[in-house]
Amino acid sequence: MKQQDADRKSRLADAAIEVLGHDGVRALTHRAVDTRAGLPQGTCSYHFPTRNALLTAALERIAELDLQDTEGADLAEVLQRWATSHRTRARFMLMLDPQARRELGEAAARLAGGFVERAEALTGSRQRGRLLIGLIDGLLLDELTRGTVAEAERRERIEAVHRIVTTGQ
């Protein structure tokens, strides 16, 4: 694949994430993505000819960027970025929308498995890794639905998650 095509696909996936995060799953169309990306109409449908291809590209890009966020970063910093990101909102919208979830089936399972593997490596246990993912998602969903919490409260929550995951208490 040419570098220009790869860059354009990333740009389109980023635009799709913005549409999802700001306007929701129903607003995600090829035309909306082209407009958000500032590209000529038809560009998105050329690179992602089906809705499934577009949804998958958006979810894969979310996973790629989320994993990049975790590289060498403190958990509180990661949560701060994720809690205030349209990308996190887009991820939850994709995972909570029944139709999008059906369309994403295999891609969603594969990408979620990658996060579980990363969490398993961090915690030393698959069970604790899944628990970590569940608790982090819960914290993020709480902030997205109830509003951002103060930094001190976020740190307390993260410390509680760390205690639960590492000691079981």
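Ser10 is found in helix α1, where helices are DSSP runs of H or I of at least four residues, numbered from the N terminus. With a relative accessible area of 27%, Ser10 is partly exposed; on this scale, buried means under 20% relative accessible area, exposed over 50%, and partly exposed in between, with a 1.4 Å probe and protein chains only. Ser10 and Ile136 are 126 residues apart in sequence, and their C-alpha atoms are 26 Å apart in space.

The model is predicted, and local features need pLDDT of at least 70, side-chain atom pairs count only at pLDDT 80 or more, while totals for chains, interfaces and linings use all residues. Residues are numbered from 1 along each chain as its sequence is written, and side-chain values use heavy atoms, with hydrogens and water left out.

Helix α2 spans residues 30-37, and its buried residues are Val33, Asp34 and Ala37. Seen down the axis of α2, these buried residues fall within an arc of 100°, so they line one face of the helix; the arc is that of the directions from the helix axis to the C-beta atoms. The face of α2 turned away from the buried side carries Arg31 and Thr35, which are exposed. On the buried side, the partners against which α2 packs are α1 (3-23), α3 (43-47) and α4 (51-70), with contact taken as heavy atoms within 4.5 Å. After α2 comes Gly38, which has a positive phi near 70°.

In helix α5 (residues 75-83), Ala76, Val78, Leu79, Trp82 and Ala83 are buried. Around the axis they cover an arc of only 160°, which puts them on the same side of α5. The elements that cover these buried residues include α4, α6 (86-96), α8 and α9 (151-167).

**The packing of α7 and α8**

Two packed helices are described by the angle between their axes and the distance between the axes. For helix α7 (residues 98-123) and helix α8 (residues 126-146), the angle is about 115° and the axes are 7 Å apart; axes here are lines fitted to C-alpha atoms, for helices over the stretch in contact, and angles run from 0 to 180 degrees between N-to-C directions. The crossing of these two helices is right-handed, a term that applies if the near helix is turned clockwise from the far one by less than a right angle, anticlockwise being left-handed. From α7, the residues Phe115, Val116, Ala119, Glu120 and Thr123 meet Arg126, Arg128, Gly129, Arg130, Leu132 and Ile133 of α8. The residues of this contact divide into five nonpolar, two polar and four charged, where Ala, Val, Leu, Ile, Met, Phe, Trp, Tyr, Cys and Pro count as nonpolar, Asp, Glu, Lys and Arg as charged, and the others, Gly among them, as polar.

**Individual residues**

Asp97 is located in the loop between α6 and α7 and is buried, with a relative accessible area of 12%. Its side chain makes a polar contact of 3.2 Å with the side chain of Arg26, and the side chain of Asp97 also reaches the backbone nitrogen of Ala100 at 2.8 Å. A polar contact is a pair of N or O atoms within 3.5 Å; within protein, one must be able to donate a hydrogen and the other to accept it, and residues adjacent in sequence count only if both atoms are side-chain atoms. Leaving aside neighbours within four places in sequence, Asp97 is in contact with Val25 and Arg26.

Thr88 belongs to helix α6, and, not counting residues up to four places away in sequence, Thr88 touches Trp82, Leu140 and Leu144. In helix α8, Arg146 has a side chain joined to that of Asp142 by a polar contact of 2.3 Å. Glu143 is also found in helix α8; apart from neighbours within four places in sequence, Glu143 is in contact with Ala83, Thr148, Val149, Arg154 and Arg157. His162 lies in helix α9.

| Residue | Relative accessible area | Class |
|---|---|---|
| Thr88 | 1% | buried |
| Glu143 | 6% | buried |
| His162 | 51% | exposed |
| Arg146 | 69% | exposed |

Between C-alpha atoms, Glu143 and Arg154 are 9.6 Å apart in space and eleven residues apart in sequence, while His162 and Leu75 are 9.7 Å apart in space and 87 residues apart in sequence.
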